[in-house]
Amino acid sequence: MIDGSFSHAGRTRQYRLVIPPAYDGKTALPLVMVFHGGGGNARRAEQTTGFSQKAIREGFFVVYPEGVGRLPTRHKLLTWNTGNCCGYAKEINSDDVGFVRKLLVTLKQDYRIDAKRVFATGISNGGMMAYRLGCEMAGEIAAVAPVAGAMNVSTCGPGAPVSVIVFHGVRDNRVLYSGGAPRVQIDPHPRVDRPVSYAASFWAAHNGCDAQPQRLEQGMILHETYTSCRPGVGLEVYTLKNGRHAWPGGQRAWVGGDEPSREISATDLMWDFFRRHPRP
């Protein structure tokens with residue numbers, strides 16, 4: 001485990017990196033970027049998702065970048081600038097995409113990272129960040145996996161195909177599955193979220209997939225797979241009918257947070273998806 005930092009846009013930006021035991025300095029390995037939710041930090045994202053253990057077992061790098069916060073104490077109440085959300089990052093129009101670009105350059109200088117297998121995921125505000133990276137870093141990121149997030153960027157013009165896998169609960173009151181203003185909100189800035197269907201339709205059209213997905217229901221899980229996409233590109237949506245604002249198969253984000261579903265593991269499913277979808 002390495003805690004790193006560098007200066008970007010006049011601020012010290014931080015991250016936490018896990019290097020798998022399989023890394024020998026010769027073979028390039030995949031990289032997964034995991035973005036914490038609004039008010040969270042790298043440690044919380046690591047605990048919530050269990051991605052460090054997955055990376056150690058499967059042999060890939062995982063990095064937990066940190067957003068920005070108003071408080072002088074580091075690692076507290078951090079957010080990402082994702083268009084209409086959230087918190088301090090939105091207020092100062094934080095250059096978070098620029099930070100991620102510089103983070104990738106820094107990591108590629110220090111480690112052998114497979115440029116065709118760079119992936120991004122996150123929950124809530126971090127899921128919104130994953131969507132934004134899909135829009136603005138399509139040439140560098142192979143796939144994104146938003147969890148309980150909304151695709152709220154005002155414009156999205158990816159310069160290349162991006163594989164996408166989405167996880168969202170129907171009973172999420174903080175980022176509504178069907179879109180609209182949150183029923184439960186801590187962030188003081190009012191917002192209206194776009195529905196999951198908007199993101200699915202956008203990426204289906206961009207990736208040249210069939211407009212209507214194949215549907216498979218098991219228990220309280222609906223799994224939709226879009227077919228006939230461009231070669232090497234995938235699009236899948238997992239709808240959790242009883243799911244709330246949580247990481248499926250993971251841990252609660254905080255003591256009072258929603259209980260995650262135990263029917264599926266988002267970490268396992270998205271890693272399998274990432275593994276099958278390097279950048280074409």
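This is a predicted model: local features need pLDDT of at least 70, side-chain atom pairs count only at pLDDT 80 or more; totals for chains, interfaces and linings use all residues.
Residues are numbered from 1 along each chain as its sequence is written, and side-chain values use heavy atoms, with hydrogens and water left out.

**Disulfides**

- Cysteine 85 and cysteine 86 are joined with their sulfur atoms 1.2 Å apart, the link being right-handed with 50 degrees about the S-S bond, and both residues are buried (under 20% relative accessible area, against over 50% for exposed and partly exposed in between, with a 1.4 Å probe and protein chains only).
- Cysteine 135 and cysteine 156 have their sulfur atoms 2.1 Å apart, and the torsion about their S-S bond is about -100 degrees, so this disulfide is left-handed.
- Cysteine 209 is bonded to cysteine 229 at an S to S distance of 2.0 Å, in a right-handed link with 110 degrees about the S-S bond, and both cysteine 209 and cysteine 229 are buried.

**Leucine 103**

- Leucine 103 belongs to helix H4 (residues 96–110), helices being DSSP runs of H or I with at least four residues, strands runs of E with at least two, both numbered from the N terminus.
- Leucine 103 is buried, at a relative accessible area of 0%, and beyond residues up to four places away in sequence it touches Phe6, Tyr15, Val63 and Pro65, contact meaning heavy atoms within 4.5 Å.

Key:
A disulfide is a pair of cysteine sulfur atoms within 2.5 Å.
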